[in-house]
Amino acid sequence: AVGLARLGRKVGFLGKVSDDQFGDFVTNFFVKEGIDVSHITRCQNGEKLGLTFTEILSPTQSSILMYREGVADLMLHPDDVDYDYIASAKALLISGTSLCTSPTREAALKALAYAKQAGTTVIFDADYRAYTWKNMDEIAVYTSLVAAQSDMVLGSREEFDLMERLLHLPGTDEASAKYWQDRGVEILVIKHGKQGSRAYSKYDGNWDVKPFPVDALKGFGGGDGYASAFIHGLLQGKKLNEALEMGSASAAMLVASHACSRDMPTEEALMTFIAEKKKTCGEVVTKI
């Protein structure tokens, strides 16, 4: 959300925060970034915000420690989901994290149903986190259910393997692309970490995306940078390869910085980074 807002897009957020000063902090942070918070509501039963510690040990070692029991964001209720709000949007992004438990799972599925009714584009970011999910079958059932009704699916190879666990696919990018495109998904982005990513489109072909070379400080934050800049490019009407280039650039900028939301680039900074890097590394997006 912050990444898209920094790039000049009009963004809203559906979510739940704690009814305390931490909830104030999160909401005010969004307001300062220009994000609409009219559909962020407060918990009424004492749930608190989740707590996250990030650790950068060396240029090649980083980790995240999260406390996720009884947290506010997983308390989003189906009653908090508004048809008119979703119908007014060009796109709805659903995070896989919202599917891990009730009631936020039902809220996400209700939002998905409303988006399909309204003709709002559905983007699914698999965003797998091991905490809170109860078993592997549960992960596969709910993530595959949402993916099959999405217009665009983004995830790592590991996340696609989890999503496809009950489908007995061979675990290749090509097999994944064929399976989901046969079910109506228009664009798939399958990420392979430091090796880059691949994108498969029904209309714009298949693309190999190399990462822009940077001195990485951490292994987290890049996925959100990638998704926000890539979606921004598509909403601008850019060609798929140009939007992928923007996503790869933002991901590189994020892993080369200490922070995540705070360091999301503006469009000017993003395009300057691309122009400068391409002088030495050339094209990073090539057709398969």
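This is a predicted model: local features need pLDDT of at least 70, side-chain atom pairs count only at pLDDT 80 or more; totals for chains, interfaces and linings use all residues.
A pocket, as the word is used here, is an open set of grid points with protein on both sides within 12 Å along at least five of seven lines, and its lining residues have an atom within 4 Å of a point.

H8 gives the most, with 3 residues.

How far apart are the end C-alpha atoms of H8? They are 20 Å apart, which agrees with the span of 20 Å that its 14 residues should have at 1.5 Å a residue. H8 is also mostly covered, with 10 of its 14 residues buried. Among them are Gly222, Gly225, Tyr226, Phe230 and His232. Just after the helix, Gly237 takes a positive phi of about 90°.

Is Ser228 buried or exposed? Its relative accessible area is 6%, and because that is under 20%, Ser228 counts as buried. The Ser228 side chain reaches back to the backbone oxygen of Asp224, at 2.9 Å. Setting aside neighbours within four places in sequence, Ser228 is in contact with Gly3, Leu4, Leu7 and Met264.

Next, let's turn to Lys116, a residue of helix H4, which runs over residues 104-118. Its relative accessible area is 42%, so Lys116 is partly exposed, a class that lies between the 20% and 50% limits. Leaving out residues up to four places away in sequence, Lys116 touches Val122 and Gln149. Lys116 and Leu92 stand 24 residues apart in sequence, and their C-alpha atoms are 10.0 Å apart in space.

How many cavities of 30 Å³ or more does the count give? The count comes to 1. The largest cavity has a volume of about 60 Å³. Its lining consists of Gly96, Ala126, Asp127, Tyr128, Trp133, Ile139, Thr143, Glu159, Leu162 and Met163. Helix H5 (136-147) and helix H6 (157-163) each supply at least two residues of this lining, and H6 gives the most, with 3. By class, the lining of the largest cavity has 6 nonpolar, 2 polar and 2 charged residues.

Our last stop is Leu166, in the loop between H6 and helix H7, which spans 173-182. At 42% relative accessibility, Leu166 counts as partly exposed. Beyond its neighbours within four places in sequence, Leu166 is in contact with Asp137, Ala140 and Val141. Leu166 and Met136 are 30 residues apart along the chain, with 9.6 Å separating their C-alpha atoms.

Note on methods. Residues are numbered from 1 along each chain as its sequence is written. Side-chain values use heavy atoms; hydrogens and water are left out. Helices (H or I, at least four residues) and strands (E, at least two) are DSSP runs, numbered from the N terminus. The expected span of a helix is 1.5 Å times one less than its number of residues. Buried means under 20% relative accessible area, exposed over 50%, partly exposed in between (1.4 Å probe, protein chains only). Contact means heavy atoms within 4.5 Å. A polar contact is a pair of N or O atoms within 3.5 Å; within protein, one must be able to donate a hydrogen and the other to accept it, and residues adjacent in sequence count only if both atoms are side-chain atoms. On a 1 Å grid over the protein atoms alone, a cavity is a set of points where a 1.4 Å probe fits but cannot get out, and a pocket is an open set with protein on both sides within 12 Å along at least five of seven lines; lining residues have an atom within 4 Å of a point. Grid points are joined across faces, edges and corners, and a volume is the space filled by probe spheres set on the points. Ala, Val, Leu, Ile, Met, Phe, Trp, Tyr, Cys and Pro count as nonpolar, Asp, Glu, Lys and Arg as charged, and the others, Gly among them, as polar.
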